[in-house]
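These are my notebook entries on a single structure.

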Amino acid sequence: QVQLVESGGGLVQPGGSLRLSCAVSGRIFNIYTMGWYRQAPGKQRELVAKITSGGSTNYADSVKGRFTISRDNAKNTVYLQMNSLKPEDTAVYYCNAPRNIATMAVAWSWGQGTQVTVSS
């Protein structure tokens, strides 16, 4: 069973930066497209960034130009560098492997997530 462990969240002021990490157990990590999701209170979970096994990336319009997703296949880890953070970025952030973008289906059980709070 694949396990996902997210870390790196915290409280940051508007305009600040954070780098999230997601460690993925198992030997099959490098063949999967990986994504970072977030869920704000009272809102549905949304996909904000994804990266293919070959390194191609895609971002939600709300984070484009501010967030950067990357991966280290040797370490089974995917990262999310978040710059110019805004209060509306406040959410619990999760990683997973997207199976169907439209239905939000993912490959594995969700991890515990990491809380990001942007506030002055």
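**Entry 1: Salt bridges**

I first looked up D89 and found that its side chain forms a salt bridge with that of R38, with N and O 2.9 Å apart. I note that the model is a predicted one. D89 sits in the loop between β8 and β9 while R38 belongs to strand β4, so this pair ties together parts that lie 51 residues apart in sequence. I then checked burial: D89 has a relative accessible area of 0% and is buried. R38 is also buried, at 6% relative accessibility, because the cut-off for buried is under 20%.

I next asked which residue forms a salt bridge with R38 at 2.8 Å between the closest N and O atoms. With a relative accessible area of 33%, E46 is partly exposed. I recorded R38, E46, R66 and D89 as a linked network of salt bridges.

The count of salt bridges comes to four. One of them joins the side chains of D61 and K64, at 3.1 Å from N to O. Both D61 and K64 are exposed.

**Entry 2: The sheet**

I traced an open sheet of six strands with mixed pairing, in the order β2-β12-β9-β4-β5-β6. The edges are β2 (10–12) and β6 (57–59); each has a single partner strand, so one side of each lacks a neighbour in the sheet. On average, neighbouring strands of this sheet are turned by 25° against each other, direction ignored.

I then examined β4 (residues 34–39) and β9 (residues 91–96), which run antiparallel and are joined by five bridges. Which residue in β9 is the bridge partner of G35? I found N96 there.

**Entry 3: N96**

I looked up the burial of N96 and found 0% relative accessibility, which counts as buried. A polar atom of the N96 side chain lies 2.9 Å from the backbone oxygen of W108. Leaving aside neighbours within four places in sequence, I listed contacts of N96 including L4, T33, Y37, V106 and W110.

**Entry 4: Nonpolar cores**

I found 30 residues in the largest nonpolar core, where W36, V78, L80, M82 and Y93 have the most contacts inside it. Strands β3 (18–24), β4, β5 (46–51), β7 (67–72), β8 (77–82), β9 and β12 (114–118) each supply at least two residues of this core. Its largest share, four residues, comes from β3.

I checked M82 in particular: beyond four places in sequence, the residues it touches include L18, L20, F67, Y93 and V116.

Methods: Residues are numbered from 1 along each chain as its sequence is written. This is a predicted model: local features need pLDDT of at least 70, side-chain atom pairs count only at pLDDT 80 or more; totals for chains, interfaces and linings use all residues. Side-chain values use heavy atoms; hydrogens and water are left out. Two strands pair if DSSP finds at least two bridges between them. Axes are lines fitted to C-alpha atoms, for helices over the stretch in contact, and angles run from 0 to 180 degrees between N-to-C directions. Buried means under 20% relative accessible area, exposed over 50%, partly exposed in between (1.4 Å probe, protein chains only). A polar contact is a pair of N or O atoms within 3.5 Å; within protein, one must be able to donate a hydrogen and the other to accept it, and residues adjacent in sequence count only if both atoms are side-chain atoms. Contact means heavy atoms within 4.5 Å. A nonpolar core is a set of buried Ala, Val, Leu, Ile, Met, Phe, Trp, Tyr and Cys residues joined through side-chain atoms within 4.5 Å.
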